[in-house]
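Here is a short report for a first look at this protein. Keep the sequence and the 3D view side by side as you read.

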Amino acid sequence: MRHLRILIATVYPGYGGSTKVLLAASESLSARYDVILRAPIDEATSRSPQAFPLENLSTWQRKIAILPLLVRTVMAEARFMRSCRPDLVYVHDSPSLLVYGLPARLLGITVVAHAHGNDGAGLGRRLKNRLIDAKIYVSRILRETDWSKPAFTIGNPVAIIDVADRDRAATRDIYLVGAICDRKNQILAVGIMSELRRRGHQAVLHLCGPVIEAGYAECVRVMIQSERLGDAVVFEGIRPLPEILQRADLVI
């Protein structure tokens, strides 16, 4: 009897929280099932040749610009799926849902999508929902009232650690964890810091995460300088979660 074959796939090369979810799912499921991790990352068991740019695709201009890459990738991955014949496809982002969900519908393969929040509206949302057979949510708060197909809630398994006492009279350390990009909205956090300084609060904002939109990162730096916050905002890069929780007074 053949093992259930699961295709876990993404078109993104970044090592963000979503990709970590796929890596953890692959590691956990591989003990019981035949798992293929298809992605343009080093950890993949089947490395895909195409990688989507790490930028926000929320505007129509960016959607149109990436359309040729989307069509090429769908065609290439459809050939791959016909050859490996998975029983189930698991994806976590909209471009990957289109790339793997469209061939899955034609091949009669079940699609499970990892829902991170409100996934648009109108025709685009209806199309994506037609491609999905079941959804996994990270919180009950995110579950959609109009979703009638199977749904599961699996919370993020953040380990609880002991946090050392800190001097509450000292400058507050505020942390925002996320890739430096428009979707994460570090500019809003810099605005918050500017307001805190105007009100006389001493605090430092630590931006933790890789830069995936260089133009946006430059906009953040320009705002920091224009608001005279050069000593109040620090780009930390990638930091381990236990270190952040030990150092932070507040996490955005």
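## Nonpolar cores

A nonpolar core is a set of buried Ala, Val, Leu, Ile, Met, Phe, Trp, Tyr and Cys residues joined through side-chain atoms within 4.5 Å. Buried means under 20% relative accessible area, exposed over 50%, and partly exposed in between (1.4 Å probe, protein chains only). The largest such core has 27 residues. Of these, L7, F52, M81, V89, V99 and Y100 touch the most other members. Two or more residues come from each of β1, α2 (60-84), β4 (88-91), α3 (94-107) and β5 (110-115). Helix α2 gives the most, with seven residues. Apart from this core lies another, of 16 residues, including I174, L205, L207 and Y216.

In soluble globular proteins, nonpolar side chains tend to be buried together. Take M81: leaving out residues up to four places away in sequence, M81 touches L7, P86, V89, Y100, P103, A104, L107 and I109. Contact here means heavy atoms within 4.5 Å.

## Model and overall make-up

This is a predicted model: local features need pLDDT of at least 70, side-chain atom pairs count only at pLDDT 80 or more, and totals for chains, interfaces and linings use all residues. Residues are numbered from 1 along each chain as its sequence is written, and side-chain values use heavy atoms, leaving out hydrogens and water.

The protein has seven helices and eleven strands. These are DSSP runs numbered from the N terminus (helices H or I, at least four residues; strands E, at least two). Of the 252 residues, 39% count as buried. Among contacts between residues at least 6 apart in sequence, 61% join residues at least 24 apart.

## A parallel sheet

Four strands form an open sheet, in the order β10-β9-β8-β11. The pairing is parallel. Two strands pair if DSSP finds at least two bridges between them.

Strands β8 (residues 172-177) and β9 (residues 203-208) pair over six bridges. R172 has A203 in β9 as its bridge partner. Helix α5 (residues 186-198) lies across β8 and β9, at about 170 degrees to β9. Axes are lines fitted to C-alpha atoms, for helices over the stretch in contact; angles run from 0 to 180 degrees between N-to-C directions.

## A buried threonine

T10 sits in the loop between β1 (5-9) and α1 (17-29). Is T10 buried or exposed? T10 is buried, at 1% relative accessible area. Its side chain makes a polar contact with the side chain of D93 (3.1 Å). A polar contact is a pair of N or O atoms within 3.5 Å; within protein, one must be able to donate a hydrogen and the other to accept it, and residues adjacent in sequence count only if both atoms are side-chain atoms.
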